[in-house]
Each structure stands twice: as structure tokens, then as C-alpha cells.
Amino acid sequence: MNRIFHDLIGKTVEVYVDDILAKTTRPDDLLNDLASVFASLRQHGMRLNPLKCAFAVEAGKFLGFMITQRGVEANPEKCQAILQMKSPGSIKDVQRLAGRLASLSRFLGASATKALPFFNLMKRGMAFEWTPACEEAFRHFKEILAAPPVLGKPKEGEPLYLYIAITGEALASVLVREEGRTQQPVYFVSRALQGAELRYNKLEKLALALLTSSRRLKQYFQSHQIVVRTDQGIRQVLQKPDLAGRMMTWSIELSQYDIRYEPRQAIKAQAMADFLVEVAGDLVEDTNTRWKLHVDGASNQTFGGAGIILESPAGVVYEQSIKFDFPVSNNQAEYEALIGGLTLAAEVGATRLEICSDSQIVTSQVNGSYQARDSLLQKYLERVKDLSRKFEEVTIQHVPRERNTRADLLSKLASTKPGEGNRSLIQGKLKEPAVTLHLSNLSPSWLDPIIDLLENSKLPDNEKDAKKLRREAARYAIIQGQLFRKGFNHPLLKCLHPDQTDYVLREVHEGCCGHHIGGKALARKLIRAGYYWPSMMADSKEFVKKCVKCQENANFHHAPASELSLLTASRPFSQWGVDLLGPFPVGPGQVKYLIVAIDYYTKWIEAEPLASISSSNCRKFMWRQVITRFEILLDRAPTNKRAGRVRKQDHPARAQEEAGWQERRLGRRASLGPLVLPNNRAILH
């Protein structure tokens, strides 16, 4: 069916298996639209059952729903089936009720939350007992289905808004479209939590609700921009992979969609207001509630640490332990802890903050009671004031150490040993101080667009570039002001500025642990060392090419700059090349040198070990192994070849000896073939 109506689906036709719905917005276009549908059917030889066809209707059933001009409505027959039901008296009746509610779940806000008593009855091993809670939930569903909401149809290109709510045992969401000042629900999603999901903290449940909505409403997420309206810091949580390992997986899966986050506004539609009241309770929040932040810093001779505890008005507690890989003083550690706490509060979306610290100097300098005279502490104080401007209200007070014990323990834990096995604790490591006396301004680089998007949600004006940047930024996270690249098969990689890559390449390639490896191996070693930049593979290959030691000592074939001139010989054994090799390890007879002679024509090799290199030894070798053995003089001395030969009739014994020698010589050469010595570097003529 999709092939038959491929050019009409989504415009004037909707099909599912054998159900066909032809739609039009104006009555005048009805006949033309039907004509195109019939033409496609006639072209493929298909027929329709007249008894199942209806034409020129303003509303009709399609896939179990009522399709009208107002939108998608619940099937009245399904609603009446539930309204006419009596209270269940057995497990079978409860299962029948749950099945009917599941078919209408898109019209029921927070259906999973209200249906929890039904689910508990259907568990194995549970005796059936219809409790007052079950009766109340049953009556609640009847009230909703007596006047079910009308779901709207999104228009092409318009943004859709998603509201999320959670409880201790279920999560729910509603997708909404806005037209002017009116809001209309598009789809209700609800789900009961199971197993380990019940132990998730509040922010993880909110992220799971967003992930469940994207999977259930995939067609809407793919074709529209989704604006998530919530007062919780979901975006910041999804960008902090160290909260939990699953957060990284969820963040990467959600990165394929165009999702934007904004604070929750006033609820205009009654359906959404009822939905949020059912799940989250009262919508009225106390605007005067403050987040409480407890910070403490600790230092010793080698390391330092900070302990941070952030508690939201709803009771969500964030605990963070930061280890300093640089020496710090006590006051510097206290300021580092305060800066880390302010950064964490800004990431989770806190607006009003109450800070408690047991450092008299830091609290007095921030409040203005003390004056910061040290240049380093002055810069720390300026940094704290800059971060405080991000909040509506920030108050800091000095508390005794007894009221700050938990933060003090976290700071000492970070300064003494790294924490292990505690997944509920955010553990971080700070390699550089937040403030230094000498700050260097780096030139613009590939890091800037990604950092602007993650910190300020700033996108390029070009829609194509913005989509590409949003998809790329999902692979990165900002942790304590530093950009890191995320991945499944490797840890977090620190992203480097182009001005820093040359130093890292040089240290990894030829530093104390470097051994001048190749370009690809160097790039892989950089990843194992925890560094990343986009052009690291090309930069590594180029760096290896420019390394002088690699070029001098590598096992390359050193070809001459120009072509070699061939030395041709006119006949065998007429031209020889001689070379001296050694010294080698001393052998029997105190020999440690080698003299080699090669014939240019046949490539025949003669070699002999020598105890020492002298002119007499060389002459003996040439006379014995070359001249007399191959009768060079007999071939060259006389001009008349026949006169220089040994005649058989004059000297029969000598002629027979010469013939035998020639046969042995040719036979030996044929059996051995041409030989080449690998140590033969030069040829002497």
C-alpha cells in the first residue's frame, strides 16, 4: 500500500495495511482527490468493497479512533465499554480492564500512575482483593472517559512542547502544540517504573521520562523541534556523564533529535493542568525557597581536595568530591571549593542560593568584611563575584565546622585518596587551578562553537550548520570549565587547542616515554593518553614526517637521487667488482675480514675470509680465485684465440684437465645461480 500511494501519503491519503483514508481540507477539492486515489487503485488492479466505503463524511473511524475536523477523538464504543463495566471481581476482570485502558492510553494523562493498584493485583502470588484505592482509580478513569480530551494534529514545521512529570513509581509526559494563546494536547505518555528504575534519583527519572517519550513518539521527534519545558536541570544532567554511566548512553541517543530546553511557563489548557496536578501534585511553588550549598576545602603537602553538598528545595542532594592535582594553600582550596559549588549550582539551574562555609577568611572577603590583599586571592574573589551574578540571590555565611562535617569529610576524602566504588558520589579531578596570575588569551579555534552551544545554547544562523553543530556537540561535555569528548570505547578525552597540540605531540613522540612511533600509532597513543582534537591523525603523520631522527634512522629504502648508470660486460668473466667487508667476529684462524669479487656478466661470486687486509692478500686472492681459476690471461693475452688455446694434439693431458674444469665451472654456476651479499655496499673497479 505504501508503494501504491507513495506520492499521496501525508498529503491526501493515509494508509495502514488495508485501511485507506482519503482526506481534504476544502469541499471543492474532494472529487479531484478521490480521482487521484481511484487512479492509483485502477493502475494496480485493486478493488474496493462498497459496503465498507463511506464518502463525503466529516468524521469517521480509522485505526480505532475517531478522526474529525477538531482532531483525534477517542472511540465512543471503547469508552462506553469501560463506562458500563462493573467493579472487577476477579483477576480476569482486572486484566480485561487493563487491556481496554491500554487501547485508550494516549487520551489518559498519567494513566500508569493511577493504574498502579491494578498492576499490583495482577502480580503473581498476590491474592485478589479489590481495595478502596482500586475503586477510586476505577472511578477516576470513568470520569476522564466520560468526556475524553480531543488530541490535536501538528502542522508541518511547527515546534511541539513536552511537559514531563514523575512520581516515585511512575513517569508521565504530554506533548502539546500551541496556536496563538491556546494549547492543545497531541499525545499522553505514561509508564510504570520497574526494578532498578525505582531506585533512580529524581533527575535520572526525569531524563528517563524524556527518553521514553522520544521512543514512544519517535515520529513527532523526527519531524518537529521538541521544546522541553521543565524547571529541573535535565540538560545539565545529560551533559555530565560522571553522574552515572547510563546518562552518557541516553544523551547520545537523544542527540539525534532537535531538542531545546526552556523553563516551564503558565499552563493554559485545562487538560495539561489536570495532568500535572495528577502526577506532581500542587503546581504552586514557593518562589522564596533556596538551594543550600555546603562547601569545604582541604590541603596537604602534595594534594588538595574540595567537598561540595548541594540540596534542592525538593530534597534532591548532590554530593561532589574534587581532587586537586596541584599544590594549594588552605585559603586557595576553600576558594576552589566555593567556585566548584557555584558552578554545580548553575549547572542544575538553581536561582536562589544559601552558602555555608567554615572558612572565616573566605566568607568575610566575599561579604566585604575583610579586604583581600593577596593578588591571587583577589582574582579568586573576582571569579566568585562573577559566578554569583548568574543567580538571583546569593548569601554566604560562616558556620562552625561541626555544622559542616559532611563537606569536610568529602574534602579530606579527595585530598587523601581517590574515591572508588561510590557511584552516587560525583567524583572529579582538577588538574589546573580555576584562577592563575598569568592568563593567556588563546586564538579562536574549533572549540569555540561547541563551547558556546553547550554553555550559552548559541547556534549559527545557518540552519544546516546549526543542525550539524548540534549533532556534533552531543559527543562533548564541559566538566569544570574544560571541554571533553565522550565515547563508548574510551574514557573522556581532553580537547586541546591548536596552540597546545605541538607540545603534546612532541612529548608523546619523543619524550621520556616516547619511542618515535609512526603517524597512525602516534594518534592512537594520544587517544590512550587522554587527548583529542579533530585533525590529530593528519597532524601526527605530518609531525612524524618532519622528525629528523625518524628520517635518519628509519628502515627506509635510500634510493639515489638520479638513475644509476648500468655497467655492461661484453662477455663472461671479463669485468669484475671487488669489495672488502668487516671486521666481523673473529673466527677460526683469526679471520675477521671478507674479500668478495663479483663478475658483472654472470653475477658469479667469489669470496674468501682474511685475517688482515693487505695488498699481498688481495693479490693472492685475485690470482688464485679469479685469474688462474677462470683463465683470464689465457683468454686475453694472445690476439689469436686459437694460438692461446691448449691444443689437444700437443698436450692431451692438459687439454683434458682444462675441459673437465670448464664443465665443473659451468655446472656449479648453473646449480647455484646468481648470488648477492646483503652487506655489499660498494664496488671497487
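This is a predicted model: local features need pLDDT of at least 70, side-chain atom pairs count only at pLDDT 80 or more; totals for chains, interfaces and linings use all residues.
User: Hi! Which strands do the buried residues of α1 pack against?

Analyst: They pack against β1 (13-16) and β2 (19-22). Here contact means heavy atoms within 4.5 Å, and buried means under 20% relative accessible area, exposed over 50%, partly exposed in between (1.4 Å probe, protein chains only). Helices (H or I, at least four residues) and strands (E, at least two) are DSSP runs, numbered from the N terminus.

User: Which residues of α1 are buried?

Analyst: D33, L34, V37, S40 and L41. They cover an arc of only 120 degrees around the axis, so they lie on the same side of α1; the arc is that of the directions from the helix axis to the C-beta atoms.

User: And which exposed residues are on the face turned away?

Analyst: That face of α1 carries L31, N32, R42 and Q43.

User: Switching topic: is β12 largely enclosed or open?

Analyst: Seven of the eight residues of β12 (residues 304-311) are buried, so the strand is largely enclosed by the rest of the structure.

User: How many bridges join β12 to β13?

Analyst: Eight, and the two strands run antiparallel. Strands pair if DSSP finds at least two bridges between them. In β13, I322 is the bridge partner of A306.

Key:
Residues are numbered from 1 along each chain as its sequence is written. Side-chain values use heavy atoms; hydrogens and water are left out.
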